[in-house]
Amino acid sequence: MAAKEHFDYLVIGAGSGGIASAKRAAQVHGKKVAVVERGALGGTCVNVGCVPKKVMFNAAHIMECLHDAPLYQYSGAEDVKLDWGKLKTARDNYVVRLNGIYGRGLDGADITTLTGLASFGDDGEVMVGGEAYTADHVLVAVGGVPSLPLELEGGEHTITSDGFFELEAMPESCLVVGAGYIAVEMAGILNALGCDTTLAVRGDKALRAFDELLSTTLDAEMKRAGMKIATGTTLAKVELVDGKKVVTTTDGATLGPFDEVLMAVGRKPLVEPLKLENAGVDLNDEGYVAVDEYQRTTSEHNVYALGDVCGAIELTPMAIAAGRRLSDRLFGGPECANAKADYEGVPTVVFSHPTIGTIGLTEAEALEKYGEANVKVWTSTFVNLWYGPMPIDPSDKPKTAMKLVTAGANELVVGLHVIGLGADEMLQGFGVAMKMGATKADFDSCIALHPTAAEEFVTLAPWGQGAGDKMGDRSAAPTPVLH
Ligand SMILES: Cc1cc2nc3c(=O)[nH]c(=O)nc-3n(C[C@H](O)[C@H](O)[C@H](O)COP(=O)(O)OP(=O)(O)OC[C@H]3O[C@@H](n4cnc5c(N)ncnc54)[C@H](O)[C@@H]3O)c2cc1C
């Protein structure tokens, strides 16, 4: 079929990675670019991910403050109620506003927006709405969708994170199934807002891939906040009984009834409609698009892929960075010939209750990589000053926990982990420091911000006595160079 139009760059998917890459190519490198989108602009993050999730997290945080208010000697906070329906409307309006901003951003960059479901035609051209389009370079940035276990009987009675954002009223009771970050975030939001919440995990706790200090502290803090955690639980069946959902587990136990069962058991790449075989794009063993470090697929047709569809680090800023670097490499001339995103040392925040921040290696990973003799670990568990004046027993107050993991003689910081109030806003600067190769001595040389929780990271005991410490003499420290 003759192509309707030819572009320098054709991007499939107007989500985090696709939009970032398209705008970089058009605005910075002056290329003729088109973006294909089958749904709302902005992708998962804007429509059913980071943005609406953070709004709900904020609502839950306000509720937690209201809960703490009497302990700060406020009266009347008990009577404050959330109107979930009105908040949903406000949140949806905000998302629609963001969709508009993205649309105007694409128009302003002279990017052609093609609406429809894209697939590859027989000759590798991109088909949208019955028309063929060609391009020098094609990017697949189609993201993913929530997955449901196929063997789950009655799966139609459950919702996923997408369904969570459609709820018009708060469920009075909810079973959240899953042990990853989306599961603990959704469960934490519901629990804080007053929903009778149970988290079902297959193992003994959630976030088992995270540093042990984080997963153990989160488990304790979620229980302290009143959440029920059903461990060793795998769902076999969900039944509708009198309008409520009753769950049977694989070992025959019954859970519920619940108003909602929210499955947060993983996501899958949205590859089926693309007909990737027509472009010679292979998937890896896990079903994600296989790419190399330069986001190149196996196709011979200059097809690239990035973001959630590749399954490497499924976070918005990772997709954005990969998208921009790809455009730099493709269109930025010789000096950008090796441009690529750095997938190492990516800071990650979990908007659980309390929040988690983590960068680099867990203690277990560091021991595996560097060996016991070369790894040192600093930890601290304490009560945030926020809870200080509350007239409750200190042992009942929520805990903040931190860990620094260092490797080698100069105590290079290779892992940084924190859980507690404000952990989410604590992490970014430490991420920069670790990218620059900060050591424990560098951390100790930075004067603390007091009184904050973050200060604990630069005062971890023993302070100022590490192997790389020079007793305050920074003369050997690298001198910043101004260009
Ligand atoms: C509940 C939830 C919370 C999250 N919270 C966070 C967070 O706090 N922080 C964070 O960094 N990340 C978070 N994420 C992850 C983040 O949303 C994703 O990593 C990010 O959106 C991935 O970007 P992407 O460009 O790969 O894909 P997406 O943003 O998913 O965009 C893909 C786009 O492609 C479109 N598309 C798909 N197939 C086609 C086709 N064939 N033709 C045309 N268009 C197509 C889709 O409609 C979509 O708009 C969250 C995700 C979820 C689900």
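Begin by selecting Asp308, which, leaving aside its neighbours within four places in sequence, is in contact with Gly143, Gly144, Arg267, Pro269, Glu314 and Ala319; two residues are in contact if their C-beta atoms, placed from the backbone, lie within 7 Å. This is a predicted model, in which local features need pLDDT of at least 70 and side-chain atom pairs count only at pLDDT 80 or more, while totals for chains, interfaces and linings use all residues. Residues are numbered from 1 along each chain as its sequence is written.

Asp308 is found in the loop between strand 16 (303-305) and helix 8 (316-331), where helices (H or I, at least four residues) and strands (E, at least two) are DSSP runs numbered from the N terminus. Asp308 counts as buried because 31 other C-beta atoms lie within 10 Å; the cut-offs are 20 or more other C-beta atoms within 10 Å of its own for buried, 12 or fewer for exposed, and partly exposed in between, with C-beta atoms placed from the backbone.

Next select Lys54, which the unreviewed UniProt entry lists together with Asp308 under "binding site"; UniProt positions are given in the numbering used here, feature names are shortened, and annotations may be inferred rather than shown by experiment. Lys54 sits in helix 3 (residues 50-68) and is partly exposed, because it has 15 C-beta neighbours inside 10 Å.

Finally, move to Leu404 in strand 20 (residues 400-407), which is buried because 26 other C-beta atoms lie within 10 Å. Leaving aside its neighbours within four places in sequence, Leu404 is in contact with Trp378, Val413, Leu416, Lys440, Phe457 and Leu460.
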